[in-house]
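Dear colleague,

Please find below the structure that I am handing over to you. My notes on what was found in it follow directly after.

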Amino acid sequence: ATAFDFLSSELMRRMKTMYLPTSHLYSLPTEANRRHKRESAVIRSVLDEAVKRRREQATQTSDETEDDLLAHLFRAVDSAGTKTEFDLSDEIFSDMLMGLLFAGYETTSITLTYCLYCLAKNPDVEQRALEEINSVLEQTPGDNDEPTNPIDPDQLPYCRAIIMETLRMYPPVILTFRTLEEPMKISGCVIPAGTQVFIPIWAIQ
């Protein structure tokens with residue numbers, strides 16, 4: 001948890017100071033870079049161990065009842081067989097998990113936090129969302145008030161709108177960047193291909 005918290009906050013710090021060369025040069029012997037390397041190694045070791053353990057379980061049994069992320073990834077690769085363009089090593093699986101951990105875990109929790117905050121500030125919107133959810137649940141067969149089948153998100157357009165509006169007002173990723181593949185002209189100024197363009201999502205919204 002400590003390693004994850006540090007790496008998350010460090011990523012945000014570097015994103016806010018992208019104009020500084022030290023925010024990009026991880027090889028410099030600074031205290032921040034040394035700790036970044038240590039904490040990254042901690043996260044990597046945990047993920048490597050999870051992949052190794054799950055891989056061993058997969059080779060020892062053909063049971064397909066496992067329903068976690070790695071089980072699905074392993075089965076997807078196995079079903080592709082020789083059609084895959086490259087061999088997915090354990091290191092690649094760890095890279096996938098690393099990306100999902102930071103790009104999917106924290107962004108989702110931030111969005112849900114702001115979503116609940118907005119609902120608490122707007123009880124009329126909360127009431128309408130609850131009515132929509134209850135209406136869908138009443139139409140979904142199940143036992144003990146639990147639906148037997150997953151609910152189709154398309155059945156909850158108002159809830160979807162709430163989440164989308166939350167993302168608009170409080171984007172969990174405040175900025176991103178792209179590298180231009182061809183020249184771009186903005187307000188009479190031509191930006192050459194190969195230029196890194198920063199997109200301030202928070203400022204735009």
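From the N terminus on, the order of elements in the chain is α-α-α-α-α-β-β-α-β-β-β-β-α, which comes to 7 helices and 6 strands. Please bear in mind that this is a predicted model. Of the 205 residues of the chain, 23% count as buried. The accessible surface is about 14,800 Å², and 57% of that surface belongs to carbon and sulfur atoms. Among contacts with a separation of 6 or more, 54% are between residues 24 or more positions apart.

Helix 6

The 13 residues of helix 6 should span 18 Å at 1.5 Å a residue, and this agrees with its end C-alpha atoms, which are 18 Å apart. Tyr158, Cys159, Ile162 and Thr166 are buried in helix 6. Seen down the helix axis, the buried residues fall within an arc of 105 degrees, so they line one face of the helix. As background, residues three or four places apart in an α-helix point the same way, because there are 3.6 residues a turn. The buried residues of helix 6 pack against helix 4 and helix 5 (123-138). On the face turned away from this buried side, helix 6 carries the exposed residues Pro157 and Arg160.

Aromatic residues

The count of aromatic pairs comes to 3. One of them is formed by Tyr114 and Tyr170, which are stacked, with 4.3 Å centre to centre and 0 degrees between the planes. This pair links distant parts of the chain, 56 residues apart: Tyr114 is in helix 4 (residues 90-121), whereas Tyr170 is in the loop between helix 6 (157-169) and strand 3 (176-179). Tyr114 counts as partly exposed because its relative accessibility is 30%. Tyr170 also counts as partly exposed, at 22% relative accessibility. Together with Trp202, Tyr114 and Tyr170 form one aromatic cluster.

Arg14

Arg14 is found in helix 1 (residues 2-16). With a relative accessible area of 4%, Arg14 is buried, because buried means under 20%.

Yours sincerely

Technical notes. Residues are numbered from 1 along each chain as its sequence is written. This is a predicted model: local features need pLDDT of at least 70, side-chain atom pairs count only at pLDDT 80 or more; totals for chains, interfaces and linings use all residues. Side-chain values use heavy atoms; hydrogens and water are left out. Rings of Phe, Tyr and Trp (its six-membered ring) pair if their centres lie within 6.5 Å; planes under 30 degrees apart count as stacked, over 60 as edge-to-face and the rest as tilted. Helices (H or I, at least four residues) and strands (E, at least two) are DSSP runs, numbered from the N terminus. Buried means under 20% relative accessible area, exposed over 50%, partly exposed in between (1.4 Å probe, protein chains only). The expected span of a helix is 1.5 Å times one less than its number of residues. The arc is that of the directions from the helix axis to the C-beta atoms. Contact means heavy atoms within 4.5 Å. Accessible areas come from the Shrake-Rupley method with a 1.4 Å probe; for residues, only the protein chains shown count as cover.
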